[in-house]
Amino acid sequence: MADKLTREQRSAHMARIRRSDTAPERIVRRLLHSMGYRFRLQFKAVPGRPDVAFPARRKALMIHGCFWHAHDCPAFRVPKTRSDFWLAKFAANRERDARLARAAAAAGWDCITIWECEVADTERLADRLRLQLGPPRYRDQVAMHSNVVGEISHPGGFESTRAV
């Protein structure tokens with residue numbers, strides 16, 4: 001089956017696909033932040049530069065697109081055009097994902113993979129993240145749930161006055 005797009009149109013379309021800051025990543029980050037978690041993005045100290053990292057917890061989130069990482073779900077299908085190329089690409093992507101997860105584990109990091117298809121059910125995803133990450137840090141919970149204006153004591157020993 002021939003591609004419906006011209007070579008130039010396909011090239012322009014593929015060039016717009018991003019490596020980071022994708023829609024599933026933004027949804028997961030927004031969810032994590034609303035739950036009280038604070039994190040680092042594209043943390044280079046972890047093999048594979050995870051999408052979201054929790055350095056104090058030694059946890060790394062890899063947010064994978066179902067198509068690019070060949071997830072075994074209804075959202076994934078092998079393109080009919082140039083199938084051999086795509087099968088080789090998907091195999092290489094999966095091998096690279098496994099290799100980077102092993103390297104991160106060897107460096108003491110726990111890698112958690114979140115698939116694009118899982119992002120749709122945010123309640124279920126929130127439960128899974130809470131289970132795998134543990135509770136958010138105490139001071140984040142205080143800042144998030146406090147509705148009083150006053151002094152907030154920080155673990156570093158300084159105090160600040162702010163409206164919450």
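This is a predicted model: local features need pLDDT of at least 70, side-chain atom pairs count only at pLDDT 80 or more; totals for chains, interfaces and linings use all residues.
**Close-up views of helix α4 and its surroundings**

Figure 1. Helix α4 itself comprises residues 122–133, 12 residues in total. From its first C-alpha to its last, α4 reaches 16 Å, close to the 16 Å expected at 1.5 Å a residue.

Figure 2. The buried residues of α4 are L125, A126, L129 and L133. These residues lie on the same side of α4 because they cover an arc of only 100 degrees around the axis. An α-helix has 3.6 residues a turn, so residues three or four places apart point the same way. The face of α4 turned away from the buried side carries the exposed residues E123, R124 and L131. G134 follows α4 and has a positive phi, near 85 degrees.

**Figure 3. Helices α2 and α4 pack at an angle of about 65 degrees.** The axes of the two helices are 11 Å apart, and α2 passes α4 in a right-handed crossing. On the α2 side, the contacts are made by V28, L31 and L32. These residues meet T122, L125, A126, L129 and L133 in α4.

**Figure 4. The largest nonpolar core contains 16 residues.** Within this core, V28, L32, F54, L61, I114, L129 and L133 touch the most other members. At least two residues of the core come from each of α2, β2, β3, β4 and α4. Helix α4 supplies the largest share, 4 residues. A second, separate core has 6 residues, including F43, A60, A104 and W109.

**Figure 5. L133 is a buried residue of α4 with contacts to several other residues.** Leaving aside residues up to four places away in sequence, L133 touches L32, Y37, F54, R57, K59 and I112. L133 is also among the residues that touch the most other members of the largest nonpolar core.

**Figure 6. The protein as a whole has 5 helices and 6 strands.** Along the sequence, these elements follow the pattern α-α-β-β-β-α-β-α-α-β-β. The protein has 164 residues, of which 30% count as buried. Among contacts between residues at least 6 apart in sequence, 49% join residues at least 24 apart.

Key: Residues are numbered from 1 along each chain as its sequence is written. Side-chain values use heavy atoms; hydrogens and water are left out. The expected span of a helix is 1.5 Å times one less than its number of residues. Buried means under 20% relative accessible area, exposed over 50%, partly exposed in between (1.4 Å probe, protein chains only). The arc is that of the directions from the helix axis to the C-beta atoms. A nonpolar core is a set of buried Ala, Val, Leu, Ile, Met, Phe, Trp, Tyr and Cys residues joined through side-chain atoms within 4.5 Å. Contact means heavy atoms within 4.5 Å. Axes are lines fitted to C-alpha atoms, for helices over the stretch in contact, and angles run from 0 to 180 degrees between N-to-C directions. A crossing is left-handed if the near helix is turned anticlockwise from the far one by less than a right angle, and right-handed if clockwise.
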